Amino acid sequence: MVNENYSVPRRPVARGLNSVGDAWSILVLRDAHAGLTRFDQFRKSLGIVPTMLTKRLKALAEDGLLEKRLYSKRPPREEYVLTDAGRDFLPVLMMIGAWAHRHCGGDLARYIDVESGAEIEPIGVDAITGARLGTRAIRLSSDQEHESRNL
């Protein structure tokens with residue numbers, strides 16, 4: 001779906017961009033997380049032309065982030081609901097928003113915890129070490145490298 005140059009094998013960012021590598025797809029996922037499911041809801045929220053929205057919804061469904069479900073038999077109407085993979089994209093959306101707060105300026109909306117009413121400050125943390133992402137040097141490792149080191 002995205003430029004074939006992004007399709008470098010074994011590169012996680014490139015592989016992820018193949019599924020959600022354009023602004024429209026990311027915004028559709030944002031709106032799906034906000035509870036939108038129907039074509040007209042997405043179109044109205046995004047101000048996107050119908051042909052582009054059709055392409056984005058189809059691609060997100062093919063890539064397993066959204067699932068099409070029939071909600072009306074007469075006339076036949078479908079809605080788009082998040083799959084597990086689509087729900088797993090929420091932290092990515094929140095991290096993009098947190099980055100925008102730090103680096104893009106402006107009067108941006110804030111994330112609020114519904115239960116506590118407190119503002120949420122999204123951060124990335126390594127689940128194994130507990131270290132905040134970006135505070136330690138990292139490198140990419142192929143499975144073969146990892147396996148050979150652990151033999």
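I started with the largest pocket, which 17 residues line. Arg30, Leu93, Met94, Gly97 and Tyr111 lie nearest its centre. I noted that this is a predicted model.

Next I looked up how much space the largest pocket holds. The volume came out at about 470 Å³.

Which helices each supply at least two residues of this lining? I found helix 2, residues 23-33, and helix 6, residues 90-103. Helix 6 gives the largest share, with seven residues.

I then sorted the lining of the largest pocket by class. Eleven residues are nonpolar, three are polar and three are charged.

**Second pocket**

I moved on to the second largest pocket. Its volume is about 220 Å³. I wrote down the residues that line it: Pro91, Val92, Met95, Arg102, Pro122, Ile123, Gly124, Arg132 and Leu133.

How many residues of this lining are nonpolar, polar and charged? I counted six nonpolar, one polar and two charged. Gly124 is part of this lining, and Gly counts as polar in this scheme.

**Strands**

I turned to the strands. Strand 1 covers residues 66-72, and strand 2 covers residues 77-82. The two pair in the antiparallel sense, and I noted six bridges between them.

What joins strand 1 to strand 2? I found a hairpin, which makes the link through four residues. I also checked one position across the pair. Leu70 stands opposite Glu78, a residue of strand 2.

**Rings**

I searched the whole structure for aromatic pairs. The search gave zero.

I did find a charge over a ring. Which residue lies over the face of Tyr71? I found Arg38 there, at 3.6 Å from the ring centre.

**Ala61**

My last entry is on Ala61. I located this residue in helix 4, which runs over residues 50-62.

Why does Ala61 count as partly exposed? I read its relative accessibility as 24%. Buried means under 20% and exposed means over 50%. Ala61 falls in between, so I logged this residue as partly exposed.

I also looked up how far Ala61 lies from Ser19. In sequence they are 42 residues apart. In space, from C-alpha to C-alpha, I noted 9.8 Å between Ala61 and Ser19.

How values were computed. Residues numbered from 1 in each chain as written. Predicted model: local features only at pLDDT ≥ 70, side-chain atom pairs only at ≥ 80, totals over all residues. Heavy atoms only, no water. Pairing = 2+ DSSP bridges. Phe/Tyr/Trp six-rings, centres within 6.5 Å; stacked < 30°, edge-to-face > 60°. Lys NZ or Arg CZ within 6 Å of the ring centre and 35° of its normal. 1 Å grid on protein atoms, 1.4 Å probe; cavity = no way out; pocket = protein on both sides within 12 Å on 5 of 7 lines; lining within 4 Å. Points joined across faces, edges and corners; volume = space filled by probe spheres on them. Buried < 20%, exposed > 50% of the residue type's maximum accessible area, 1.4 Å probe, protein only.
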